[in-house]
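Please keep the sequence and the model at hand while reading.

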Amino acid sequence: MTIGRTGIVRRLLLLASAALAVAILNTPASAVVGFGGLPGVCGFEDTLEAAILEALNLSGPECDDVTNDMLDDIYELDLSDKGLARFAPDPAQLTGFHPQLIINLRGNPGPDGNGLTVADIDRDSIPLWRGSGSDEAVSYTLVLDVGQSYNGLTQSRYTTTEGQAVLVAVSWGDRPGTQEITQARAVNKEDELYFGHYIHSEQDDESVSGDTDYYRWIYARASDAPGALYVGLIPVHDDDEIEGAASPDKIEISELVVADRKEDLGKRAFTRDDELFDDNDAPLHEYVDDYLDGLGSRDEADLIINDDDAPTTPVCARTILEHIEDLVNEPRCRDISRGHLATPTVFNLAGEGD
């Protein structure tokens, strides 16, 4: 049997179409991550790439196979003992992970050889994840050394500038006893327990009718040895309003919850919470029940937000003050912000020199 030229062309087109269909079916549903012009995590910093591959049980040559969905399956990233003097990766390399990601940075020397501190973390490197329609913000939990022997916030006052997030640290030194931990782990036959500190930040926001509330989790793990410090990022509003010397805003630990499965991280109600700590006879009941009561003043801190909305040159001292006040519809020159001045306007200064 012979096939004409037209039949050959048609056959080739059909084969090409079939090959294309197979290629599409075999393409991962999630795109390969990619950074620096390289596929997957091949372009990532060496220590970060190695930690990702270890978490996924992959080897170095498979760095180009990592997809966004695979990153989202990672709950813990081990960057301990990597000789880091500072934690400041390109933020693009930390996007796409599970919102409750825990990054272990213990055992790194820091710039002075005494371990990484909060000051050695570049907050701009940590992306903020937000749930749709919610102010519940998650920025991962970073685990450091130099924790204290108490539970709770490590500072009584945090200071930042409008629009710049602040790093908040929680120490978890007074841990539940070994027997209670062992019993609680046995509930679901899990090797690890996660203690979630539910952090609430209430911020006075002049641009809206009420306060701006942010919530996030900072996680501790039962397997962490004493002396660990847990750090998370709290967003701060940028409202373009001049607020003056307002009263301090607040950051507080509002609640402690326990998860015995990674899939339960970030949830306030757990399937087995009654067996873990709610019932009087549950392994962790007494510890969790007394946790906030024992924090005392360490459950709350002041948040001082420095106002950076005032123009560099005071509006009240400007020769065209009346025109500015009229155009921005603000009768008090001291309340005219840089946001007001950034609004497109047309000044009619005809006759001003007369």
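In this predicted model, Tyr158 stands opposite Leu303, a residue of strand 13. The pair belongs to a parallel arrangement in which strand 7 (residues 157-161) and strand 13 (residues 300-306) are joined over five bridges. Strand 13 also pairs with strand 12, here in the antiparallel sense and over four bridges, and Leu303 in strand 13 is the bridge partner of Asp249. The two pairings of strand 13 can be set side by side as follows.

| Strand pair | Sense | Bridges |
|---|---|---|
| Strand 7 and strand 13 | parallel | five bridges |
| Strand 12 and strand 13 | antiparallel | four bridges |

Tyr158 is also among the residues with the most contacts inside the largest nonpolar core, a set of 43 residues in which Val166, Val168, Leu193, Phe195, Val258 and Leu284 are listed with it. Strand 12 (residues 249-259) gives the most to this core, contributing six residues.

Is Ser254 buried, partly exposed or exposed? With a relative accessible area of 31%, Ser254 counts as partly exposed, because that value lies between the limits of 20% for buried and 50% for exposed. Leaving aside neighbours within four places in sequence, Ser254 is in contact with Tyr198, His200 and Leu292. The C-alpha atoms of Ser254 and Glu300 are separated by 8.7 Å, although the two residues are 46 residues apart along the chain.

Taken as a whole, the chain has eight helices and 13 strands, and 42% of its 354 residues count as buried. Among contacts between residues at least 6 apart in sequence, 72% join residues that are at least 24 apart. The chain exposes about 18400 Å², of which carbon and sulfur atoms supply 47%.

Confidence should be kept in view when these features are read. The chain averages a pLDDT of 81, and 80% of the residues score at least 70. Over residues 1-29, however, pLDDT stays under 50, and for this stretch the model has three contacts beyond four places in sequence.

Key
Residues numbered from 1 in each chain as written. Predicted model: local features only at pLDDT ≥ 70, side-chain atom pairs only at ≥ 80, totals over all residues. Heavy atoms only, no water. Buried < 20%, exposed > 50% of the residue type's maximum accessible area, 1.4 Å probe, protein only. Contact = heavy atoms within 4.5 Å. Areas by Shrake-Rupley, 256 points an atom, 1.4 Å probe, with all protein chains shown as cover. Core = buried A, V, L, I, M, F, W, Y, C linked by side-chain atoms within 4.5 Å. pLDDT = per-residue confidence, 0-100. Pairing = 2+ DSSP bridges.
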